[in-house]
Amino acid sequence: MVERGEGALLFSSGSSEHYVAPYLANFGIALAAQRGYLRQLEVELRGTGVYVGLLNIGVLIDGSKAAQIIDDNPEVIPAGLEIVRMSGDELGDHYWRLYTERDKVELDVGFPV
């Protein structure tokens, strides 16, 4: 991609790096490391024509294994926590936006305002 002077590297992340949730703390450590790496990678690739984008997903993806587990076991969600759901098509639209607009390294979807 660098030799061609064009391309894109798109990555996904979750919400536990942005919002503290004790039941997701271990996963949050890995997501923080990924985020740091991608931000450095973006700096290294800046000006080469290769775009680096990260979609931080703060939703439950309809049809996913996680959605099925929660639907089957609603008691695993802490009281008062509302989890937004999104379809794969909607997430695809966000990836497309990152790819085509290339105006930011990170895009957050589904997080509380």
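**View 1. Strand β1 and the place of L10.** Strands here are DSSP runs of E with at least two residues, numbered from the N terminus. By that rule, L10 belongs to strand β1. The model is predicted. L10 is partly exposed, with a relative accessible area of 35%. Together with W96 and Y99, L10 makes a nonpolar surface patch. The patch covers about 320 Å².

**View 2. The open sheet.** Three strands form an open sheet in the order β1-β2-β5, and their pairing is parallel. β1 spans 7–13 and β5 spans 106–109. Both stand at the edges, each with a single partner strand, so one side of each lacks a neighbour in the sheet. Neighbouring strands are turned against each other by 20 degrees on average, direction ignored.

**View 3. Pairing along the sheet.** Strands of a sheet pair through backbone hydrogen bonds, either parallel or antiparallel. Seven bridges join β1 to β2, and the two run parallel.

**View 4. Strand β2 and its two faces.** Eight of its eight residues are buried, so the strand is largely enclosed by the rest of the structure. In a regular strand the side chains alternate between the two faces of the sheet. V50, V52, L54 and N56 point one way from β2. Y51, G53, L55 and I57 point the other way. Residues of both sets are buried.

**View 5. Helices across the sheet.** Helix α1, residues 25–45, lies across β1, β2 and β5. Its course makes an angle of about 155 degrees to β2. Helix α3, residues 88–101, also lies across β1, β2 and β5. For α3 the angle to β2 is about 150 degrees.

View 6. E106 and G92 are 14 residues apart in sequence. In space, their C-alpha atoms are 15 Å apart.

Definitions and conventions. Residues numbered from 1 in each chain as written. Predicted model: local features only at pLDDT ≥ 70, side-chain atom pairs only at ≥ 80, totals over all residues. Heavy atoms only, no water. Pairing = 2+ DSSP bridges. Helix = DSSP H or I, 4+ residues; strand = E, 2+ residues; numbered from the N terminus. Axes fitted to C-alpha atoms, helices over the stretch in contact; angles between N-to-C directions. Contact = heavy atoms within 4.5 Å. Patch = residues over 30% accessible without salt bridge, like charges linked within 9 Å, V, L, I, M, F, W, Y side chains within 5 Å. Areas by Shrake-Rupley, 256 points an atom, 1.4 Å probe, with all protein chains shown as cover. Salt bridge = Lys/Arg side-chain N within 4 Å of Asp/Glu carboxyl O. Buried < 20%, exposed > 50% of the residue type's maximum accessible area, 1.4 Å probe, protein only.
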